[in-house]
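Hi everyone, thanks for coming. Please have a look at the sequence and the structure on the screen, and then I'll walk you through some parts of it.

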Amino acid sequence: MRKQLTAAAVALLLAAGLGGPAFAAAEEAVPSQHWSFFGAFGTYDRAALQRGYQVYKEVCAACHSMKYLAFRNLEDIGLNEAEVKALAAEFQIADGPNDKGEMFERPGRPSDHFKPPFPNDQAARAAFGGALPPDLSLMAKARPGGPDYTAALLTGFKDAPAGFKVPEGLYYNEYFPGHKIAMPPPLSDGQVTFADGTKASVQQMSRDVSTFLMWAAEPKLEDRHRLGLKVVIFLLVLCGLFFFAKRKIWAEVH
Amino acid sequence: MTTITKDGGASDTKSRRDFLYVAASAFGAVGAAAAIWPFINQMNPSADVLALSSTEVDLAPIAAGMIVTVVWRGKPVFISHRTAKEISEAQNAKMSDLLDPQADADRVQKPEWLVVVGVCTHLGCVPLGHQGNFDGWFCPCHGSQYDTSGRVRVGPAPANLPVPPYAFLTDTKIRIG
Amino acid sequence: MAFQTNSKLVKWIDYRLPIFTMAQHSLIEYPTPKNLSYLWNFGSLAGIVLVIQIVTGIVLAMHYTPHIDFAFASVEHIMRDVNYGWLLRYMHANGASAFFFVVYIHIFRGFYYGSYKSPREVLWFLGILILLVMMATAFMGYVLPWGQMSYWGATVITNLFSAIPVVGEHIVTWLWGGYSIGNPTLNRFFSLHYLLPFVLVGLVMLHLMALHQHGSNNPLGIDRKGPQDSIPFHPYYTVKDLFGLMVFLVVFSILMFYFPNALGEPDNYIPANPLVTPAHIVPEWYLLPFYAILRSVPDKLGGVLLMFSSIFILFLLPWLDTSPVRSGRFRPLFKQFFLIFIIDCCVLLVVGANPPEGMFKIVGRIATAYYFIHFLIILPLVGWFERPRPLPQSISEPVLGAGAAPSPAPAREKA
């Protein structure tokens, strides 16, 4: 009995202590939302992914690159091969050198990665007074809270509380560590017209783009969950078989 | 095996026990085989390599008499816009003159466009275009010569330059692979 | 005893390289105490996790690029494009955590049952060496993805060596191959990270050789007196180890497939930036207790020395523990202090995860002090003054009511 109590006490201690730094880092506890991809049987909502991609393309891509994604990856969110080809061709991608030794631009192909808004980090910084809009490919995994954090951040712009000074060029955000973010509030109601007719409120857009960002960071989530289910069930069966085999073999010794 | 059966009812427990061991071992073996598959499959071409497994080429800028080299799956591919002279040379060659007999009609879809993989069938060097005695290619490594249809005329190469799978998307655009 | 077989092929091979006879002797008929608990599964589990790490590591190395401009991207290439790459990467990353989890339980089993006592001192030393090589391997492996935590963790830890007087700075420059962590560092860490697991395999083989010299310890801590105390390793412990392996794989799979990033740091999904330091630099959880000890001393050199001492002190354990009784089961006073020691290690882990300020600073210093007090003061004293419970006659008759008188506590002059 004492052993179990001690084990429980130790576990609680560890959980409390290790939860510590996570709370210390976020200024404000990020509200947790329900996401279709959470949990062992979670999947991505394809409609949300497509709306999220639209938000990224029309709003975020002006400043934020997403260099680990290729156009062909969009087949995963429900676009067919022809749509992906057409979409890629909308962009002029840098290529070269040609036979004359010059760099040139050509229409994008599905195998190309998303075109960044700036050719390099320095150019981006120059455009934004020294601030670099981070690449968004892994944002959902690079922040504690993941999609909860990105959604909270996008809806967390508000007036600074009395007495809190926000320097020129920065904006007050409830959930950004330090509360002073260089990104101006990017979303406003009705900014995007969704193809499926969903009303584009800031709330809706931040949820959809957060779903898209999670998929961009972890495109294999559904494969992982599916394979995981098969593996765990198979192993549980094996566990049972070996348990009974062990008992039978040890029956004489005990 | 030093197991000591306790009572006379051994045979029944023994067969039940054996089934358990067989079942456990069989499941275990299946599991092990399934577990090995990802380790083998990871060496197969990855998604980005597969995405580049076909290349589209715009034929419009290639003038008659020009040979253009493109890269397909890491290898050179010669696209030759053949002149009328080159076409007739290719079509009129005698089968008995060929080391690897093959009709020109079997190697092209449209006679003015020849598409062949530019890797010598001897030991893999890249032959040089518009050279050699047959108006085709000459391989500097060991002297093999190919004609205007990419067929080998002088060895040591044993076979014609291979024709990759390709299709005309429009009159001026092909997709290789 | 030579391997008995009808197969001519087996006999032909065995005559030239006696692998079958060796397997028969060491794996099949090998006499093992019959009372081993599930705590004895963790050694074979550790060996299996080592194999998992090596296999996943080798296939990952087929796709990874050890250059600062490409490392992070190559890991993303593995996660997104390589067939089952995501699985291999998560298996390797979580496998490292699993390896330490299993090894820590294995070590604490040794602590509790006196497995480090004579004649198993060298077995114990080899184990500590294995732990040290594991820590070095894991540290270098964590640098390879070239994320923020990779870069800054490496910077902090390699900078420690500058505390060595006279030659410290030169050693650090030599380690880095430059004036800061950079491409030369990454490349050499990749080479060494690939090498050390094979050094581990060698150490594990020595570890097993030392083990087989006198056989396994057991929960009672008393030696086997005769064949009635033993059972052959096969089929008893092969099936028990396999069952334990299945349970481990279930837990490991749940972790890998459903919570693959739970033990990691989100900051490591940000590419390394030498100009921006993360708010909190922390190593992986399995290095946290040592990190806490390091930071508990305000002096840099002092912290480094204390951190390494916390592991080197383990070499002295067979002599620091003065009790002639092996197993904690018969040592009521030792049991209490062992429990407190476990709690102390957990406290150190939690302290290591948090910034060294306020409560954590004070608690960290107390916990560090207690760690050394446990080994240097408590264990010797407890061994001297404790009255152990009477030991059973033998493994086969652990219940005193079997009529035999309990054997007296062994004399203190035991070699």
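**Two helices in chain A**

Let's start where two helices touch: A:Ala48, A:Leu49, A:Arg51, A:Gly52, A:Tyr53, A:Val55 and A:Tyr56 in helix 2 of chain A meet A:Gln204, A:Met205, A:Asp208, A:Val209, A:Thr211, A:Phe212 and A:Trp215 in helix 7 of chain A. Contact here means heavy atoms within 4.5 Å. By class, this contact of helix 2 with helix 7 of chain A has nine nonpolar, three polar and two charged residues. Ala, Val, Leu, Ile, Met, Phe, Trp, Tyr, Cys and Pro count as nonpolar, Asp, Glu, Lys and Arg as charged, and the others, Gly among them, as polar.

Before going on, a word on where this comes from. This is a predicted model, in which local features need pLDDT of at least 70 and side-chain atom pairs count only at pLDDT 80 or more, while totals for chains, interfaces and linings use all residues. Residues are numbered from 1 along each chain as its sequence is written, chains are lettered from A and ligands numbered from 1 in the order in which they are written, and side-chain values use heavy atoms, with hydrogens and water left out.

Helices (H or I, at least four residues) and strands (E, at least two) are DSSP runs, numbered from the N terminus. How do helix 2 and helix 7 of chain A cross? The axes of helix 2 (residues 46-58) and helix 7 (residues 202-217) of chain A come within 7 Å and cross at roughly 100°. Axes are lines fitted to C-alpha atoms, for helices over the stretch in contact, and angles run from 0 to 180 degrees between N-to-C directions. The two helices of chain A are therefore roughly perpendicular to each other; that label covers 65 to 115 degrees, with under 35 roughly parallel, over 145 roughly antiparallel and the rest oblique.

Stepping back, chain A has eight helices and four strands. Of its 254 residues, 40% count as buried. Buried means under 20% relative accessible area, exposed over 50%, partly exposed in between (1.4 Å probe, protein chains only).

**A sheet in chain B**

Now to chain B, where three strands form an open sheet in the order 2-3-4, with antiparallel pairing. Two strands pair if DSSP finds at least two bridges between them. Strand 2 and strand 4 of chain B are the edge strands, each pairing on one side only. Six bridges join strand 2 (residues 67-72) to strand 3 of chain B, and five join strand 3 to strand 4 (residues 113-117) of chain B.

Some partners to find: B:Trp72 has B:Lys75 as its bridge partner, B:Thr69 stands opposite B:Phe78, and B:His81 has B:Trp113. In the hairpin of strands 2 and 3 of chain B, with two residues between the strands, B:Arg73 takes a positive phi near 50°.

Why is strand 3 of chain B largely enclosed by the rest of the structure? Six of the seven residues of strand 3 (residues 75-81) of chain B are buried, so the rest of the structure largely encloses this strand.

**A helix in chain C**

Last stop: helix 3 (residues 42-61) of chain C has 20 residues. From its first C-alpha to its last, helix 3 of chain C reaches 28 Å, close to the 28 Å expected at 1.5 Å a residue; the expected span is 1.5 Å times one less than the number of residues. Its buried residues include C:Phe42, C:Leu45, C:Val49 and C:Leu60.
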